[in-house]
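Here is a friendly walk through one protein chain, from its overall make-up down to single residues. Keep the structure open beside the text and follow along.

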Amino acid sequence: MRTRPNHLVAPALLTVLLVGCSASGPAAAPARDAVPTRAAQPEYDAPESEARAEGAQVQAEAAAPVADDAAPMAQPAPPPPVAAPMAQPAPPPPAAAPMARAPIAPAPVAPGGRATTAGSPAPRPSQATAAPAPKKAAPVPPHVVTTRPAGASAAVAVPAPEPQSSESYQDYGVNPVEDPQRDRFSTFAIDVDTASYAIARRKILDGALPPYQAVRAEEFLNYFDYGYPSPATGPFAVHLAAAPSPFTAGHHLVRVAVQGKRVAAKDRTPVHLVYLVDTSGSMQAPDRIGLAKKSLKMLTETLKPGDTVALCTYAGSVREVLAPTGIEGKGRILAALDDLTAGGSTAMASGIDLAYSLAERTLVKGHVNRVIVLSDGDANVGPTSHEEILKTIKRARDKGITLSTVGFGQGNYKDVMMEQLANQGDGNYAYIDSDAQARRVFSEQAGGMLEVIARDVKIQVEFDPNVVKSYRLIGYENRNVADRDFRNDRVDAGEIGAGHSVTALYDVELKGPAARGEGASPIVVRLRHKAPLGSDRAEETTFKMAPGAVAATFDAAPADLRFAAAVAGFSEILRRSPHARAWRLADVERIARGAASSKGDQQELIALVRRAGAIAGGRTDAVASKTTN
């Protein structure tokens with residue numbers, strides 16, 4: 001399980017599920033004193049209708065030239081004539097100006113410094129342990145958008161429009177800048193979820209920027225295959241590198257990358273899968289039930305002799321569609337998938353109970369036993385209490401049955417629920433927005449879902465206070481682990497599947513000779529993990545960054561680090577990080593262009609960044625003009 005404070009899970013799920021079928025969000029939770037807050041933030045002030053285009057245009061746009069390639073990277077570029085998305089809002093007009101309104105009030109704050117959003121849950125205080133809490137996220141000051149009404153001579157601050165959908169996302173805040181003199185350790189759990197990037201892509205292709213709460217930087221980073229070398233021995237290899245930041249002068253980006261070993265399909269452990277498909281009325285659209293059926297057919301085609309599949313559904317009632325069936329009966333499995341239709345209300349808890357009952361029929365110690373839930377998350381759980389459904393998932397996990405979630409659809413999508421179910425089930429969380437994404441998750445990368453190579457993987461990065469002045473982890477806000485729990489093997493963490501890679505970036509300010517690429521190494525990295533089977537005692541491995549791994553210039557850094565920097569910059573801008581106010585999408589695009597390989601996903605990012613800039617109205621080059629005209 002990817003670790004987060006316990007109080008964020010059950011109550012959060014309770015609130016989301018209670019409102020799952022309602023079009024309106026829940027009442028805001030009361031704020032707590034002395035907790036960092038993240039203010040409610042408006043949508044970008046940008047023309048959306050002009051930016052709409054066919055999704056196929058994205059790949060074509062990736063090859064187009066950029067007008068401002070010669071702009072320097074080390075210093076933030078001066079703002080273009082049209083305000084960039086992260087530019088500071090214009091000052092309010094004098095009190096007498098027409099239409100002037102007060103700035104937006106801060107959002108309610110849940111315990112732990114995480115602001116809640118419309119439709120997302122308000123966590124309750126944990127009843128558990130006296131261990132120190134993970135590091136709190138930094139507060140984000142309030143923002144306002146500016147509009148210029150007809151005839152007005154100055155920009156006027158107005159509140160952002162209310163969201164029109166019932167989607168639910170959780171804001172986990174932004175990690176603070178740390179002083180290694182006071183805290184030299186950064187500890188977090190592995191995360192290999194990728195749903196956030198796919199959700200953002202769909203929003204951008206549909207002509208809108210994603211809600212900032214939907215953007216999780218680590219899921220953007222871990223969406224991409226950077227081509228890290230496989231380990232020579234053991235379950236994973238660690239690759240460390242650093243270079244001057246292309247966004248903030250005087251800072252460096254330090255990359256910690258973990259590459260899991262790759263396992264050939266013929267050598268894979270047998271798997272016993274239960275497909276649990278939401279067939280409620282909200283899943284009727286082709287991009288929901290239709291895409292879910294295609295996805296499961298792709299996964300079924302990757303299975304081999306010795307694997308089994310069972311199929312059940314939930315809507316107004318639950319149904320066992322197919323008893324556990326060996327892959328030699330693949331025709332029956334595919335026919336059962338073909339017959340699925342959607343309609344009715346939703347009772348997820350009963351469906352999960354049935355799925356686990358089917359999973360227990362084929363439970364084999366040493367094999368992979370997994371339930372895969374496919375849903376838009378817009379569900380109630382039926383008569384079972386919300387605490388009980390989480391206890392059910394935990395009991396099954398302790399028996400060796402894990403649970404992954406796969407999300408579909410938009411408008412009523414419940415990201416919080418889908419992420420937390422996978423978290424409780426020690427599984428992965430993905431979002432499917434297209435046939436291509438289904439192929440990526442269920443065919444090309446199926447090995448990562450079907451084969452676990454290391455359990456409860458925790459990373460602890462130690463920063464030398466003689467070399468490092470400050471550091472900040474980009475992303476992983478809801479994966480933070482208390483430093484003292486790094487060697488507590490009872491604390492759950494994340495799993496690495498076959499072929500999975502995990503990338504973390506730190507924004508670091510170095511001291512003296514180290515800032516010039518000379519002198520001592522800035523970090524030491526320690527990993528703890530348990531074997532996929534057998535003992536629950538973890539092994540620990542130490543890796544020290546060599547001074548030579550710090551590139552003298554950003555352009556001299558490895559291409560994989562430079563591309564990861566572009567991905568991180570994109571996510572920081574989209575999630576409105578206070579550390580990225582001066583960063584520009586044009587710079588992100590330029591960095592990505594200079595570092596991207598020919599892989600389709602990397603080329604796609606370039607076009608998405610450009611498209612996001614056009615939607616935001618903050619681009620002045622020819623590409624943006626072409627997109628918006």
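## The chain as a whole

Residues 24 or more positions apart account for 83% of the contacts in the protein chain with a separation of 6 or more, where contact means heavy atoms within 4.5 Å. The chain holds 16 helices and 19 strands; helices (H or I, at least four residues) and strands (E, at least two) are DSSP runs, numbered from the N terminus. Of its 629 residues, 59% count as buried, and buried here means under 20% relative accessible area, with exposed over 50% and partly exposed in between (1.4 Å probe, protein chains only).

A word on the source: this is a predicted model, in which local features need pLDDT of at least 70 and side-chain atom pairs count only at pLDDT 80 or more, while totals for chains, interfaces and linings use all residues. Residues are numbered from 1 along each chain as its sequence is written, and side-chain values use heavy atoms, with hydrogens and water left out.

## A six-stranded open sheet

Let us begin with an open sheet of six strands, ordered S10-S9-S8-S11-S12-S13 and mixed in its pairing. Its edges are strand S10 (318–326) and strand S13 (426–431), each of which pairs on one side only. On average, neighbouring strands are turned by 15° against each other, direction ignored. Two strands pair if DSSP finds at least two bridges between them. Strand S11 (residues 368–375) and strand S12 (residues 401–407) run parallel and are joined by seven bridges; Ser375 has Gly407 in S12 as its bridge partner.

Helix H6 (residues 330–338) packs on this sheet, where it touches strand S8 (271–278), strand S9 (308–314) and S10. The direction of H6 makes about 160° with that of S10. Axes are lines fitted to C-alpha atoms, for helices over the stretch in contact, and angles run from 0 to 180 degrees between N-to-C directions.

Leaving out residues up to four places away in sequence, Leu311 touches Tyr275, Val277, Arg319, Glu320, Val321, Leu322, Ala336, Leu337, Leu340 and Leu358. The C-alpha atoms of Leu311 and Val321 are separated by 5.4 Å, and the two residues lie ten residues apart along the chain.

## H5 against H6

H6 also has a helical partner. The axes of helix H5 (residues 286–302) and H6 come within 10 Å and cross at roughly 170°. That makes H5 roughly antiparallel to H6; angles under 35 degrees count as roughly parallel, over 145 as roughly antiparallel, 65 to 115 as roughly perpendicular and the rest as oblique.

Lys293, Leu296, Lys297, Thr300 and Glu301 in H5 face Lys330, Ile333, Leu334, Leu337 and Asp338 in H6 across the contact. These residues divide into four nonpolar, one polar and five charged, with Ala, Val, Leu, Ile, Met, Phe, Trp, Tyr, Cys and Pro counted as nonpolar, Asp, Glu, Lys and Arg as charged, and the others, Gly among them, as polar.

Helix H3 (residues 195–205) is mostly covered, with ten of its eleven residues buried. Gly207, with a positive phi near 95°, follows H3.

H3 packs with helix H15 (residues 600–616) at an angle of about 55°, their axes 10 Å apart. The two helices are therefore oblique to each other. From H3, Tyr197, Arg201, Ile204 and Leu205 meet Glu604, Leu605, Leu608, Arg611, Ala612 and Ile615 in H15. By class, this contact has seven nonpolar, no polar and three charged residues.

Strand S17 (residues 501–510) is largely enclosed by the rest of the structure, because nine of its ten residues are buried. S17 pairs in the antiparallel sense with strand S7 (residues 252–260) over eight bridges, and with strand S15 (residues 468–474) over six bridges. Leu505 in S17 stands opposite Arg255 and opposite Ile474.

Val467 sits in the loop between strand S14 (452–463) and S15, and is buried at a relative accessible area of 6%. Apart from neighbours within four places in sequence, Val467 is in contact with Leu510, Lys511, Ala514, Ala520, Ser521 and Pro522. The C-alpha atoms of Val467 and Gly512 are separated by 7.5 Å, although 45 residues apart along the chain.
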